[in-house]
Structure formats: C-alpha cells, structure tokens
Amino acid sequence: MASGANFGFRRTLPHMIGIVGGMSVMALLVGGAGLMALFDAVPALNLVLKVISAGYLLWLAVKIATAAPLEERGADSRPMTFLQAATFQWVNPKAWAMCLSAVTLYAPDRSLLSVAIVAAAFTLVCFPAISVWAWLETVVRQWLSNATRLRAFNITMAASLVASIYPVLGLAA
C-alpha cells in the first residue's frame with residue numbers, strides 16, 4: 001500500500017511479485033520441507049522468529065514513517081525489489097501465521113500435492129489482492145502529493161505496521 005502510494009503501480013510491480021513469490025515458496029517449505037515439524041520440535045524457535053520479525057518490522061516502520069515526499073527523494077529512492085520483498089516474507093510474522101495456518105488447515109497431511117495446492121492458492125489469490133491495494137494507492141497519489149498529507153499517511157502506515165506486531169508477539173490479552 002505504502003509502496004503504491006509513494007512509487008506508483010508500475011514501480012511497485014517487482015515488490016508485489018516478490019511478495020507473491022516469497023509467500024508461495026514459504027508455503028512450500030513450511031509444509032513440504034518440514035519447517036512446521038521443526039517449529040513443533042524446537043518451540044524456542046518461535047520466540048526467535050518473533051523477535052527477529054518484530055525487529056525487522058520496527059525498522060521497516062521507521063523507514064516508512066520517515067520516507068521523504070517524492071520531490072525530495074534522491075535518484076536512489078525506490079520501492080523494495082523482488083528479492084527484498086520475497087525475503088521480507090521470511091521475517092514477516094503475518095506471513096508466517098498465514099502460511100502455518102494455511103498448511104495446517106488445508107494440507108494437514110503435509111503431502112507434496114496438498115502443500116503445492118496451498119502454495120498455488122497463495123500465488124493465485126495474493127497477486128490480485130496486492131494489486132488492488134497498490135492500484136488504489138496510485139489513485140490517491142494525487143491527494144498524497146501534498147507533503148503534509150503524505151507525511152501523515154506514511155506515519156499512519158508505519159503505526160499500523162507497529163500495531164500489527166502486538167498480537168503476533170502474543171502480548172494481546
């Protein structure tokens with residue numbers, strides 16, 4: 001969403017495709033390569049993943065909150081690349097929760113076919129959903145051309161990202 005608003009739809013495409021690729025590969029490896037079994041066998045890994053994920057999401061929230069308006073950005077300012085977005089899924093607690101839940105619910109036998117179907121579903125569903133978010137933000141981009149409104153938008157997106165960490169860390173009552 002923030003990438004679409006800040007960089008436009010076309011420049012956000014590699015980011016969107018990276019999210020889809022990262023989620024699909026994660027689903028395959030979580031179910032097919034037995035990462036779920038590893039997390040079941042070593043519960044401390046859950047805490048390690050949560051801490052690393054929370055740290056990365058906090059860093060990303062700071063980057064979003066402090067992003068400069070388009071006219072103030074240097075030539076090096078750009079959205080996440082395909083590889084950055086795909087890798088991000090591996091430290092994104094929401095991505096882990098989705099993959100673990102989907103494999104648990106829709107591929108309980110963890111067979112290669114059932115896990116592949118879950119991964120394919122991520123591929124088919126994620127891209128259209130992400131595209132709608134990115135496109136909607138390009139529509140409001142004109143409204144966000146005002147530096148004050150863009151700053152408020154980026155801070156709101158960063159705060160939302162930080163707020164999403166709270167339940168994932170298990171701090172919710």
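Residues are numbered from 1 along each chain as its sequence is written, and side-chain values use heavy atoms, with hydrogens and water left out. Because the model is predicted, local features need a pLDDT of at least 70 and side-chain atom pairs count only at pLDDT 80 or more, whereas totals for chains, interfaces and linings use all residues.

The largest nonpolar core, where such a core is a set of buried Ala, Val, Leu, Ile, Met, Phe, Trp, Tyr and Cys residues joined through side-chain atoms within 4.5 Å, comprises 42 residues. Buried here denotes under 20% relative accessible area, exposed over 50%, and partly exposed in between, as computed with a 1.4 Å probe on protein chains only. Within this core, Val30, Ile64, Cys99, Val118, Phe122 and Phe153 touch the most other members. At least two core residues are supplied by each of helix H1 (2–7), helix H2 (9–32), helix H3 (35–41), helix H4 (44–65), helix H5 (82–88), helix H6 (93–106), helix H7 (112–139) and helix H8 (147–168); helices (H or I, at least four residues) are DSSP runs numbered from the N terminus. When neighbours within four places in sequence are left aside, Val118 is in contact (heavy atoms within 4.5 Å) with Ala27, Ala102, Val103, Tyr106 and Ala107.

Two packed helices are described by the angle between their axes and the distance between the axes. The axes are lines fitted to C-alpha atoms, for helices over the stretch in contact, and the angles run from 0 to 180 degrees between N-to-C directions. Angles under 35 degrees count as roughly parallel, over 145 as roughly antiparallel, 65 to 115 as roughly perpendicular and the rest as oblique. A crossing is termed left-handed if the near helix is turned anticlockwise from the far one by less than a right angle, and right-handed if clockwise.

The axes of H2 and H6 come within 9 Å and cross at roughly 50°, which makes H2 oblique to H6, and this crossing is right-handed. On the H2 side the contact is made by Met23, Met26, Ala27, Val30 and Gly31, and on the H6 side by Ala95, Trp96, Met98, Cys99, Leu100 and Val103. By class, these residues divide into 10 nonpolar, one polar and no charged, where Ala, Val, Leu, Ile, Met, Phe, Trp, Tyr, Cys and Pro count as nonpolar, Asp, Glu, Lys and Arg as charged, and the others, Gly among them, as polar.

For H6 and H7, the axes come within 10 Å and cross at roughly 135°, so that H6 is oblique to H7; the crossing of H6 and H7 is right-handed. Met98, Cys99, Ala102, Val103 and Tyr106 in H6 meet Ser114, Val118 and Phe122 in H7, a contact with seven nonpolar, one polar and no charged residues. The axes of H2 and H7 come within 9 Å and cross at roughly 155°, which makes H2 roughly antiparallel to H7. The crossing of H2 and H7 is likewise right-handed, and the residues of their contact divide into 19 nonpolar, seven polar and no charged.

Met80 is found in the loop between H4 and H5 and, at 15% relative accessibility, counts as buried. Beyond residues up to four places away in sequence, Met80 touches Pro14, His15, Tyr56, Leu60, Ala85 and Phe88; the C-alpha atoms of Met80 and Pro14 are separated by 7.5 Å, although these residues lie 66 residues apart along the chain. His15, which lies in helix H2, counts as buried at 15% relative accessibility, and with residues up to four places away excluded, His15 touches Ser3, Met80, Thr81 and Ala85.

Phe127 lies in helix H7 and counts as partly exposed at 29% relative accessibility. Not counting residues up to four places away in sequence, the residues touched by Phe127 are Leu13, Met16, Ile17, Val20 and Phe122. Ser101, placed in helix H6, is partly exposed, with a relative accessible area of 39%.

Most residues other than glycine have a negative phi. Arg110, although not a glycine, has a positive phi of about 55°; Arg110 lies in the loop between H6 and H7 and, at 33% relative accessibility, counts as partly exposed.
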